[in-house]
Amino acid sequence: MEEQIQQQVQDYYGQQLRTSQDLKTNACCTDDIPAEHKRILAQLEPEVLEKYYGCGVCVPPAVEGCTVLDLGSGSGRDAYLLSKLVGEQGHVIGVDMTEEQLSVARRHIQAHTEKFGYQQPNVEFRHGYIEDLRTADLADNSVDVVVSNCVLNLSTDKEATYREIFRVLKPGGELHISDVFADRRVPEALRQDPVLYGECLSGALYIDDFRRLLLNLGIRDYRLTEQRRLTINNPEIEAKVGNIKFYSLTLRAFKLDLEDKCEDYGQVAIYQGTVPGQPHAFELDDHHRFETGRPMLVCGNTADMVSRTRYGAHFKVLGNKDQHFGLFPCGPTPATEGAGAADAVSCGC
């Protein structure tokens with residue numbers, strides 16, 4: 001059955017969809033795009049943009065010089081955006097299982113290399129499966145950042161996919177994704193619908209099952225950075241999904257040994273204002289906005305996220321974990337009654 005679904009996905013994205021205009025819902029419509037990214041996107045080849053089917057912006061900051069893996073890279077839009085952001089000394093690897101999409105991405109490598117003024121390409125596109133990244137020749141602890149834009153919901157084995165992600169990430173590396181999630185478990189009958197699956201709906205994880213999946217893999221804390229409710233805008237499909245609410249969520253998680261709750265060690269983090277494009281403030285998630293130069297009390301997990309990752313070059317963290325003061329009041333205002341499931345999610349702790 002999984003192979004059948006996988007084949008249906010390949011057919012949907014390789015044969016049925018010709019441009020983003022062929023999509024039947026708004027699940028793959030993008031959120032607001034930063035001005036810096038818009039300037040880069042304006043330089044990309046038209047075909048790359050036309051065949052892009054992402055659901056949000058999943059490019060994290062401070063990636064210069066990094067090796068970045070783009071899962072389900074499709075036509076290469078995000079990979080080429082990252083190609084510019086990582087610089088000539090960085091490296092971007094796009095992985096996709098659909099040969100038609102890989103063909104689109106590969107034929108524009110030289111054009112973008114010249115546009116960005118590079119001597120050699122810093123981007124490559126490999127055929128492989130996100131459930132087994134060895135099929136794309138990716139070694140353990142080999143990449144700094146993993147991104148994915150509205151693709152992981154299409155995986156037929158999500159536990160295997162996330163296990164592979166944290167296998168290939170270096171210690172302290174970041175997973176930064178934009179994907180579709182549901183406020184409840186999607187019935188199997190809907191999961192078998194090829195259009196619903198291809199439109200990134202019926203393969204969506206229930207958000208609490210996502211939390212449990214990461215916990216089983218040893219990832220005890222993740223952070224929500226953006227969210228929006230999907231309205232679908234297709235009466236026939238809306239009738240099929242009924243009361244299920246779908247959300248586009250942008251999330252980040254790190255390959256760190258964190259605690260399962262936010263604990264208080266009296267630590268303070270100070271943002272130095274040095275992340276490119278973010279001179280006045282840095283937003284780690286929906287409830288941690290660090291003003292430049294302003295000390296902020298943080299939990300032990302947050303302290304590790306901004307000191308034991310590539311963001312450590314941009315922060316000063318005061319204090320250690322020698323003394324414990326109990327639970328830290330970490331998180332936004334609790335969701336109000338009747339709010340969507342995603343509204344109650346801010347971090348995995």
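**Exercise 1. Determine how far α4 is covered, and list its buried residues.**

Nine of the 10 residues of α4 are buried, which leaves the helix mostly covered. Buried here means under 20% relative accessible area, with exposed over 50% and partly exposed in between (1.4 Å probe, protein chains only). Helices (H or I, at least four residues) and strands (E, at least two) are DSSP runs, numbered from the N terminus. The model is predicted: local features need pLDDT of at least 70, side-chain atom pairs count only at pLDDT 80 or more, and totals for chains, interfaces and linings use all residues. Residues are numbered from 1 along each chain as its sequence is written, and side-chain values use heavy atoms, with hydrogens and water left out.

Step 1. The buried residues are Arg77, Asp78, Ala79, Tyr80, Leu81, Leu82, Ser83, Leu85 and Val86.

Step 2. Just after α4, Gly87 has a positive phi of about 80°.

**Exercise 2. Do the corresponding analysis for Ala139.**

Step 1. Ala139 belongs to the loop between β3 (123–127) and β4 (143–149).

Step 2. Ala139 counts as partly exposed because its relative accessibility is 46%.

Step 3. Not counting residues up to four places away in sequence, Ala139 touches Arg167 and Val168. Between the C-alpha atoms of Ala139 and Val168 the separation is 5.9 Å, at 29 residues along the chain.

**Exercise 3. Describe the cavities found in the whole structure.**

Step 1. On a 1 Å grid over the protein atoms alone, a cavity is a set of points where a 1.4 Å probe fits but cannot get out; lining residues have an atom within 4 Å of a point. Grid points are joined across faces, edges and corners, and a volume is the space filled by probe spheres set on the points.

Step 2. The search finds two cavities of 30 Å³ or more.

Step 3. The largest cavity has a volume of about 400 Å³. Its lining has 30 residues, and Gly72, Gly74, Asp96, Val151 and Leu154 lie nearest the centre. Two or more lining residues come from each of α1 (2–16), α4 and β2 (91–96), and α1 gives the most, with three.

Step 4. The second largest cavity holds about 30 Å³ of space. Leu152, Asn153, Lys158, Tyr162, Asp179, Val180, Phe181 and Leu205 line this cavity. Two or more of its lining residues come from each of α7 (158–168) and β5 (169–182); β5 gives the largest share, three residues.

**Exercise 4. Find which members of the largest nonpolar core touch the most other members.**

Step 1. A nonpolar core is a set of buried Ala, Val, Leu, Ile, Met, Phe, Trp, Tyr and Cys residues joined through side-chain atoms within 4.5 Å.

Step 2. The largest core has 33 residues, and Leu69 and Tyr162 touch the most other members.

Step 3. Not counting residues up to four places away in sequence, Tyr162 touches Leu152, Leu175, Ile177, Phe181, Leu205, Phe210, Leu213, Leu214 and Leu217.

How values were computed:
Contact means heavy atoms within 4.5 Å. On a 1 Å grid over the protein atoms alone, a cavity is a set of points where a 1.4 Å probe fits but cannot get out, and a pocket is an open set with protein on both sides within 12 Å along at least five of seven lines; lining residues have an atom within 4 Å of a point.
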